[in-house]
Amino acid sequence: MSTLSAESAPGAAPRAARDAVPVPRGDGAAELAPRVRLWPALGAVYRAQLSRARVARIPLLFVATFQSIGIMVLLRGVVTPGPGPEAQAVVAGSSVLVVAFVALNLLAQHFGALRASGGLDHYATLPVPPAAVVLGAAAAYASFTVPGVLVTAVTGSLLYSLPVTGLWVLLAVIPLAGAALAGVGAALGLLAPRPELATLCGQLGMSAALLLGVLPPQALPEPLRWARELLPSTYGVEALAATFGPAPAWASVALDLGVCAAVGALGLALATWAYRRAAVR
Amino acid sequence: MCAVRGLVKTYPAQRSRRRAPVAAPVRASDGVTLSVRRGELFGLLGPNGAGKSTLVRQLTGLLRPDAGEITVLGHDLVRHPERAARLLAYLGQESTALDELTVWLATETTARLRGLPLADARRATGAVLEELDLTALAARPLKRLSGGQRRLACVATALVGERPLLVLDEPTTGMDPVARRAVWAAVGRRRGERGTSVVLVTHNVMEAESVLDRVAVLDRGRVIACDTPGGLKALVGDDVRLELVWRDEPPLHLPEVAALSPAARRTGRRWSLRLPPDAARAAVTAVTGGAAFAALDDFSLATPSLEDVYLALGGRTEGLVKA
């Protein structure tokens, strides 16, 4: 006979499972709680991350600042103070290095650790856009660099007898270089298959920003100069260095900052995609 | 209100760097079917590795099933996993996303991210911290708290902002009895007032017996039984459990002890026997009345627990917690 009982149906569920009472579907679906819009969610993440950074990251900000000031003091012996390109490169490179330390290195570590430990589940089960989590954290880390960059830039200007009148450009350099480096850092942290690799990439990125940013480009061999062009922090360094000169070329400063903004947008978009991929498997 | 049908999830084989397989593929959910009613406190019981967390991760949209259906309040979560966040609150096993925040900020931020406006989020945070007796710890970062207190703070983040379904993965791990009571009271209030349903993952049989309406017993990715704790215990009949703890070596030369020996499950100096009530009474009389009593350190007689059910159903008992 061709009659099949439910019991003998292929892939029949285990006994207890069959006892479970089925619930009617489709009819009368419950109302969904509202989705949280980008800006309020971003604000909440930003606020939480900034407070977290304040408590846990202040010692690291000191390290970042002292590292940069230390490099400037060290190079003071070989670089002549005054409006030469070497002095400008050293001060601008050291200032942007603080951004690289926090936004690239620490953010890569943060997201790497969060991803490895399952911490992303917390955000992934809340109705927030992925971009809010990534941008909120990136913005908090970038904001956190502000005091360190200011202290480094002012100290460097005094140390190398450079004018401080152009330092207002930091208002644009910090957020844009911050966005570029934080985007790269977040993407590294979220894409690295293991947290140790995220840490390693963050450290290497920061080392690259140190070597290629602080040393004047004229002194670098050809291949390193290309590598320098590929590094997003370079454009922040160039923009800041230009404003130490007597007559800054504002068009090229704007162009450099535009590159930072573009890299930032790309990096943050990549990081958002990586977050979405890491959160739901 | 929450139905799971024929859910299958297989983790692919782990490969080492030289492409040699180091672990076989694991079928973590193997045709799981169950349903949770409105207002119900539904438990998933099983030892580590039974597939409990894999199941709730699929329920919360964090993991895609290979096959099967998940329906929560009329929404198909396999097709629309992003809707899970708008229907349920999830308490995972990890708190790393919140560890450096203060208890207040962790709860308030979660409330904001669950869609509450700032003023409402603050009010809800104050209320839930009060409810769980966390107000005194509100200004402390989570990572400075003890394990149980940190877990309680995480429970606060799961409870803040209303959701009709709570999915809690071992919420009371490491908590003292006072904190546990606070959690169950808070969960009970939400069920009573709003008809909130709860899916609870646990490997603690005592807790499962005392708080759950219904339990699905999981073993190796399968639901091996699903009923009320009482109904499950009826499966093992009237058998009671006799525990004997010997001071040293059991006195096997005594006939009354030798008679019990084949049926005993041994853990160190402890013997555990499942016996019909009459036989258990007779055994107690025999070992406490005669020469065996001198060798006996402690004994107890108890009605069947979910652990006995689990054993009777063929589950592996290691990994179940009895306290």
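This is a predicted model: local features need pLDDT of at least 70, side-chain atom pairs count only at pLDDT 80 or more; totals for chains, interfaces and linings use all residues.
Chain A and chain B share an interface in which about 4100 Å² is buried.

**Largest pocket**

- A total of 43 residues line the largest pocket, and those nearest its centre are D121(A), Y11(B), S53(B), R57(B) and Y90(B).
- Two or more lining residues come from each of α4 (85-117) and α5 (120-124) in chain A, and from each of β1 (2-11), β4 (26-36), α1 (52-59), β8 (88-91) and α5 (147-159) in chain B.
- By residue class, the lining of the largest pocket comprises 17 polar, 14 nonpolar and 12 charged residues.

**Second largest pocket**

- The volume of the second largest pocket is about 440 Å³.
- Its lining consists of 21 residues, with A124(A), V128(A), P130(A), V280(A) and E82(B) nearest the centre.
- At least two lining residues each are supplied by α5 and α12 (250-279) of chain A and by α2 (84-87) of chain B.
- Within this lining, α12(A) has the largest share, at three residues.
- The lining of the second largest pocket divides into 14 nonpolar, four charged and three polar residues.

**Interface between the chains**

- Chain A brings 45 residues to the contact, and chain B brings 48 residues.
- Carbon and sulfur atoms give 59% of the area buried between chain B and chain A.
- On the chain B side, the residues that lose the most area to chain A are R86(B), E100(B) and L113(B), which together make up 20% of what that side buries.

**Sheet β4-β1-β6-β7 of chain B**

- This open sheet has four strands with antiparallel pairing, in the order β4-β1-β6-β7.
- The edges are formed by β4 and β7 (75-76) of chain B, each of which pairs on one side only.
- Strand β6 (residues 67-72) of chain B is joined to β7(B) by two bridges, and the two strands run antiparallel.
- H75(B), in β7(B), stands opposite V72(B).
- Across β1, β4 and β6 of chain B lies α1(B), which runs at about 120° to β1(B).

- Three bridges connect β14(B) with strand β15 (residues 270-275) of chain B, and the two run antiparallel.
- R265(B) has S272(B), in β15(B), as its bridge partner.

**Cavities**

- The model contains five cavities of 30 Å³ or more.
- The largest cavity is lined by Q58(B), G61(B), L63(B), R64(B), P65(B), I70(B), L77(B), V78(B) and P81(B).
- The lining of the largest cavity divides into six nonpolar residues, two polar and one charged.

How values were computed. Residues are numbered from 1 along each chain as its sequence is written. Chains are lettered from A and ligands numbered from 1 in the order in which they are written. Side-chain values use heavy atoms; hydrogens and water are left out. On a 1 Å grid over the protein atoms alone, a cavity is a set of points where a 1.4 Å probe fits but cannot get out, and a pocket is an open set with protein on both sides within 12 Å along at least five of seven lines; lining residues have an atom within 4 Å of a point. Ala, Val, Leu, Ile, Met, Phe, Trp, Tyr, Cys and Pro count as nonpolar, Asp, Glu, Lys and Arg as charged, and the others, Gly among them, as polar. Grid points are joined across faces, edges and corners, and a volume is the space filled by probe spheres set on the points. Two strands pair if DSSP finds at least two bridges between them. Contact means heavy atoms within 4.5 Å. Axes are lines fitted to C-alpha atoms, for helices over the stretch in contact, and angles run from 0 to 180 degrees between N-to-C directions. Buried area is the accessible area (1.4 Å probe) that two parts lose on being put together, summed over both.
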